[in-house]
Amino acid sequence: MAYSVIGFGSRTPSKVLDALASVDGEIQPYGSISFAHALSLPPYRRLIANSNKPCDALPVSQGAANPSFKGIYYCLPTINDWMKSGTSGSVGGSYCRSAVLQGVPVTVYDPLLDTLLTEPSDVMMAFSKLDMSVANQLSSTGKHATVIVVGGGGREHALAVALAKSPQVAKVICAPGNGGTAVEGGKISNASCGQSNDEIVELAKSAKADMVVVGPEQPLVDGIVDELKLKCPGVRAFGPTKAASILESSKAFSKDFFKECGIRTATYENFTSLESALDYVSKLPENKRVVVKASGLAAGKGVLIPETKEDTIKAVKEIMGDKTFGSAGDTCVIEEFMTGPEASCLAFCDGTTAKLMPAAQDHKRALDNDKGLNTGGMGAYAPAPVVTKDWQDEIEEMCIKTVQKMAERGTPYVGVLYAGIMLTPDGPSMLEYNCRFGDPETEVVLPLLETDLYETFVACCDGNLKDVDVRFKDGYSACTVICAALGYPEKYPKGLAISGLADAAGVEGVKVYHAGTKVVDGSTKTSGGRVLAVTGMSRGLKNAIKTAYSGVSKINFTNDAGEGMMHHRTDIANRAANAKLRIGVLGSTRGTALIPVIEAIKEGRLNAEIVAVVSNRSKAPILDKGRALGPTVVSKFVSCKGLDRSQYDSEVTSILVAAGAEVVLCVGFMRILSKEFCDFWSGAAINVHPSLLPLHAGMMDLAVHQDVLDSNEKESGCTVHYVEEEVDSGATLVQKRCPVEAGDTAETLKARVQKLEGEAFCEAIEKLTKKSISYADAGVDIVAGAELVEQIKADCKSTRRPGCDASLGGFGSLFDLGAAGYGGDDVVIVGATDGVGTKLIIAQGAGIHQHVGVDLVAMCVNDLVVTGAEPLFFLDYYATGRLDVAEAAAVVSGIAEGCRQAGCVLSGGETAEMPSMYSPGDYDLGGFAVGAVRRGDILPANVGAGNVLIGIKSSGIHSNGFSLVRKLLKKEGLEWGDVAPWGNGVETVAENLLTPTKIYVKAVMSIIKRRLMNGSAHITGGGLLENLNRSLTPGTDAVVTYHPPLTPTFKWMQQASGLDDGEMLKTFNNGVGFILIVDEGKVEECLKVLREEGGEEGFVMGKLVEGTGEVRVECELN
């Protein structure tokens, strides 16, 4: 039988923890997952089943007659909890009353008194007192409070909605409010006034307000709280005084304050003189990055992040000299540039202490992938998983220290303290304080609040926050997406019609908060840039994101012409939802199998990170591997001295949980794990065993391999399996095999198997990171693929020719040979295929994609015409790790251009998105050209001694030799964006090298149709020496007596590489891209046709002589 823990939600009071740590038996929480974490931490060291069953899952029917628990620990609800339940008691409360009557031990925790009640009479009395308090509350006038919310944004709408939920609140008046609060209904309404001090004071008097909640920072800095205390002494004002608001209104003050309090923050200097600030910047090291801030309020725009010293000087002048931010720039703060994720951490404060809300993260940039201009915020989510439990506690301590220090100064801080936090390798570092709720953070944090917001605000105003049990929904997440007017944050239209609000509100879990809206003639119109905040709440972040975007999909803004004018980001919270898997490692030895995991993480092949390495041996080399990963990785030896197995495992678990580990890897961990450990980490702990389980289960190290040899097995390997209480019995994730070779010893077999263990761990971790099996979650964007097809249809259509109309979308492309002029029985179909090679690396690195499509076509059709065939149609293959529609469309546009030059139709292709094979941003190309030639016209034909070689110039390096080119560029220290040292002084390295391969079809076909040539050679990989010989007949040599001068590009390549002429001729085309083989008597006609019809100037390079099929170059490259 187990002990039940009921009704605690996210609360973990120490008195209950102390009691539970000593009970004899299993502990089962209902409606709470927080105890699983709390009881795993010192000093409690108690592992329990990690459950999250709702209270309505309690076996009530069994409990009344035959309670199924050994004992019950129940958290007494507050008055507001009870009132919101809608009955005289909740299911949990009723269950406990029944259990007491049945003789089951029930311990009641009173959160307001922080007291445990164990005597049955005391327990029943506590329930009776609560019933009486509820009855009194319901009959009193105290519950009919009128609350004024100052402000008119989404933040204020969220505050109004949360306050209106309180049974103690009768009216919520928004001043001035917005279109959403105007139509919210129920307790919420707008006041037709502004938010100046005089107007708010007058409204508080006329409305007989009980409380004023101040949303924006400006009224606080202007002293609205002070005015209310002076002129409306009976009204509670939630917010800091003008003196306390200095934490936001002066960054210079706050930085000095952080230093005084010992709160971690970036190193800094404050300046009141432009000259002294510039002098300070001039002495900074050239590569030292800093952040430049206007000290005063600058509407969120006074923080500049320059990248160079020159930019830093401009930033200082902009703030202090140009006064871009007015008097806010009278004092300038220059501080160290820090790196790491940011978090928004809001805390309730009552002048003596603080209680932290779940951390949130917002998205400031206007466009996806954090691109575009800064905004007031385009979305947010909470809780932010990047803020671990330990960091949450540390940040709360910073806030408490701040409140205490402000009280010592005689400026007690009451209201919300908004801590902007940078999560650095050294821990949370304070960026700045704001003195109000954040926006859009408020829209994600308040929906998660379980405690009555009005009750909490009253406690803050009265200095009794410690008596309020502030808690949030356990296991839930919220995501907010901002719907903005198109053009925001720059010029945007107003007065747009808003549709779909009712449909969005009808989506389960969605709440639409208004910001820039107003009601015009009964219709809601846009009146600002950030218009709506659509919040989705659900269990788990991914579900919350899905819910929010489901609401967004119902909404649109339109102008008078009916055009859609709404903008929103599509990636809010995606980074957190796809966060890296956090791995804890247990090991006793060298940890060799961990090395491939570390390498795979570093190379980005695994979406994971190692957060802790724990060992039972103080000098285990695996600890050194953990330390080498940096200070953010906990690397710790835990002694087992004086601890039994369960106690030791509890200590280890406390370290892993505090580090935020989600899964545990046992890498050569030489301890048997306890039942409690296996239960706690069920489905989240894996081990590698050096055999093909279930064979040789229960054995360790060399004994396993010797047993394999003694059993005369032909193969061995390793198994990664889940950890269960029974050793080596857990389900298998991965098995890797290797042969047992003749002459193997246990040591040699161990070495071979050990090489497989790291690879097996990597495969297992990859499986653990997969939380879904949908095609999209596998990294394949079907929608993007469809969008690409739509974008490239026009390009494909532009390549139409007789025989094919270039329509896309079928299972295959059809070509009518007869319509193309190739009817009859003597037609031969010719195919050619090729790629672009490592030239693609330059295109991808430089972001220039339109030319490689031409290269792809050229490499195929230039080969094709060597056979005498005319190119008829072309198909492409585009493979990528992540489909970027614009990038792929640029490539296909180039392919279409190549087809137009070649006179063939782009009749189809394949786009393959393969995230497991290619990295994001990488792609590869394959091309397939098909042509036709009549049997009697197939080339080469009649090639022999006496034929003359006619060369045609290349356009550059074309598409071969780029592995060497890239190595030479690296050797010379050249980047893609540098000006090419061999060029015209304008072109960059990338622009020059990406000059597309010349397509010779028009020129060569003009020769073929007049039957002027016997053969030809496309000079590609292998250069002239290894391509021309492919068109020679046995018994002939090609003698090259003339080569055109090297272009500057090839001259630079030869100088940089040091290659001699022979190697150059085997590597590059050196300026000759195609060679014709013609009869001596047709040379002049051939040159004329090339010039007049093909647009190319040919030149004689030599002739064919009797020989052995070799190519001899009897001239120098110069």
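The model is predicted, with local features needing pLDDT of at least 70 and side-chain atom pairs counting only at pLDDT 80 or more, while totals for chains, interfaces and linings use all residues. Residues are numbered from 1 along each chain as its sequence is written, and side-chain values use heavy atoms, leaving out hydrogens and water.

**Exercise 1.** Work out which strands are the edge strands of the open sheet of 7 strands.

*Solution.* 
1. Get the order: E33-E32-E31-E34-E35-E36-E37, with mixed pairing. Strands are DSSP runs (E, at least two residues; helices are H or I, at least four), numbered from the N terminus, and two of them pair if DSSP finds at least two bridges between them.
2. Now look at the ends: E33 (634-637) and E37 (732-739) each pair on one side only, making them the edge strands.
3. For a peek inside the sheet, take E35 (residues 685-689) and E36 (residues 715-722): they run antiparallel, joined by 4 bridges. His689 stands opposite Thr719 in E36.

**Exercise 2.** Find how the rings of Phe348 and Phe437 pair, and whether these residues are buried or exposed.

*Solution.* 
1. Rings of Phe, Tyr and Trp (its six-membered ring) pair if their centres lie within 6.5 Å; planes under 30 degrees apart are stacked, over 60 edge-to-face, the rest tilted. The count is 16 aromatic pairs.
2. Phe348 and Phe437 sit 6.5 Å centre to centre with 75 degrees between the planes, so they're edge-to-face.
3. Buried means under 20% relative accessible area, exposed over 50%, partly exposed in between (1.4 Å probe, protein chains only). Phe348 comes in at 0%, so it's buried; Phe437 is at 3%, so it's buried too.
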